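Please read them alongside the sequence and coordinates.

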Amino acid sequence: MANPVDLVEVWRGDLLECIHQGHAVVCDDLGQIVDAWGDPTATIYPRSSCKMVQALPLLESGAGAHLTDEQLALACASHNGAAIHTERVKAWLDDLDLTDDAFRCGPQMPADKDARYGLIRAHGKPCQIHNNCSGKHAGFLTLTKHLRAGPDYELIDHPVQQACKAAFEEITQETSPMFGIDGCSAPNHACTVHGLARAMAFFASAGDRSDMRSQAAAKLTKAMATYPELVAGETRACTDLMRAMDHKVAVKTGAEGVFIAIIPEKRLGVALKIADGATRASEAAIAAILVKLGVLNPEHPAAQARMAPPVTNWRKIVTGHIQPAKALL
């Protein structure tokens, strides 16, 4: 990943102790770069930041025509495994006449404290429904049933994954050079940072068009922005930032320092990748870019919590702070 630039600084006292580097692109509705930091051609895995792209075939096929906006938000989610998530995913499975065994995402201890401690107190074990990607996989199962395809929907040659790959390549406008297996066992296709931003700009401008794919993209964007608590969960950056922007912008994190934003009012898409994969840096960088684009109030507590969080020690003494690098300001 050549030529990353400084994006986020970590200070301890008066000393710059750490610098997070990376790449970021802001794209317009024509796919052109409006602003960029680092190398727009850097190849990355979008990880969970592209779940709305993976959900396109669910709507384009007609399989998800009956789904609610809450379910569509969950299809794009990396959720905490809280009751508001698992109860809805369980109901979705029931509608499909399927059980937790139909998933291929694997069990995961929920990030939500109440759900996690509840399992521990009950001497229980997490199920696949607790997996942060279970909403996406419920969407995969819905499409699988619609296509009358085999149960191993996570395999690269399965019709579901082939549809996801086609959608991904078409809206990034790139031929993906490779794929990796994500944490939830589904394929994740590589693209450039520019390609990912271009895809997000497609979502941002979808309301201007009437074709089936654009209608699907607009519906998914609306669902994410309307139900940010289902996309992530309480205290999470995605949820807090979407609320801070009055549900007008959709944002989504991905593992290893990826973050995207879909800004319909400005017809802009944003994609960024922190080279060392640090979440604290990706959250600070996306907040700074959203402030720079005029869609996030820099004084909002959600913005301050990501752009300028204090560094504290075990005694809660403030020892330093995190801030965007000058290039982002």
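1. Helix H12 makes the largest contribution to the lining of the largest pocket, with three residues. The model under discussion is a predicted one, and the points below should be read accordingly.

2. Besides H12 (279-292), two further elements, helix H11 (237-244) and strand E8 (250-254), each supply at least two residues of the lining of the largest pocket. The lining comprises 21 residues in total. Nearest the centre of the largest pocket lie Ser 48, Ser 78, Asn 132, Gly 254 and Ala 255.

3. The space in the largest pocket amounts to about 320 Å³. By residue class, its lining consists of 10 polar, six nonpolar and five charged residues.

4. Two packed helices are described by the distance between their axes and by the angle between them. For helix H4 (residues 83-95) and helix H6 (residues 134-147), the axes come within 10 Å and cross at roughly 10°. Angles under 35 degrees count as roughly parallel, and H4 and H6 are therefore roughly parallel to each other.

5. On the H4 side, the contact with H6 is made by Val 89, Trp 92, Leu 93 and Asp 95. H6 contributes Ser 134, Gly 135, Ala 138, Gly 139, Leu 141, Thr 142 and Lys 145. The contact of H4 with H6 divides into five nonpolar, four polar and two charged residues.

6. H6 also packs against helix H7 (residues 159-172), at an angle of about 115° and with the axes 9 Å apart. The range of 65 to 115 degrees counts as roughly perpendicular, and H6 and H7 are therefore roughly perpendicular to each other. The crossing of H6 past H7 is right-handed.

7. In this second contact, H6 provides Phe 140, Leu 143, Thr 144 and Leu 147, while H7 provides Pro 159, Val 160, Gln 161 and Cys 164. Six residues of the contact of H6 with H7 are nonpolar, two are polar and none is charged.

Conventions
Residues are numbered from 1 along each chain as its sequence is written. This is a predicted model: local features need pLDDT of at least 70, side-chain atom pairs count only at pLDDT 80 or more; totals for chains, interfaces and linings use all residues. Side-chain values use heavy atoms; hydrogens and water are left out. On a 1 Å grid over the protein atoms alone, a cavity is a set of points where a 1.4 Å probe fits but cannot get out, and a pocket is an open set with protein on both sides within 12 Å along at least five of seven lines; lining residues have an atom within 4 Å of a point. Grid points are joined across faces, edges and corners, and a volume is the space filled by probe spheres set on the points. Helices (H or I, at least four residues) and strands (E, at least two) are DSSP runs, numbered from the N terminus. Ala, Val, Leu, Ile, Met, Phe, Trp, Tyr, Cys and Pro count as nonpolar, Asp, Glu, Lys and Arg as charged, and the others, Gly among them, as polar. Axes are lines fitted to C-alpha atoms, for helices over the stretch in contact, and angles run from 0 to 180 degrees between N-to-C directions. Angles under 35 degrees count as roughly parallel, over 145 as roughly antiparallel, 65 to 115 as roughly perpendicular and the rest as oblique. Contact means heavy atoms within 4.5 Å. A crossing is left-handed if the near helix is turned anticlockwise from the far one by less than a right angle, and right-handed if clockwise.
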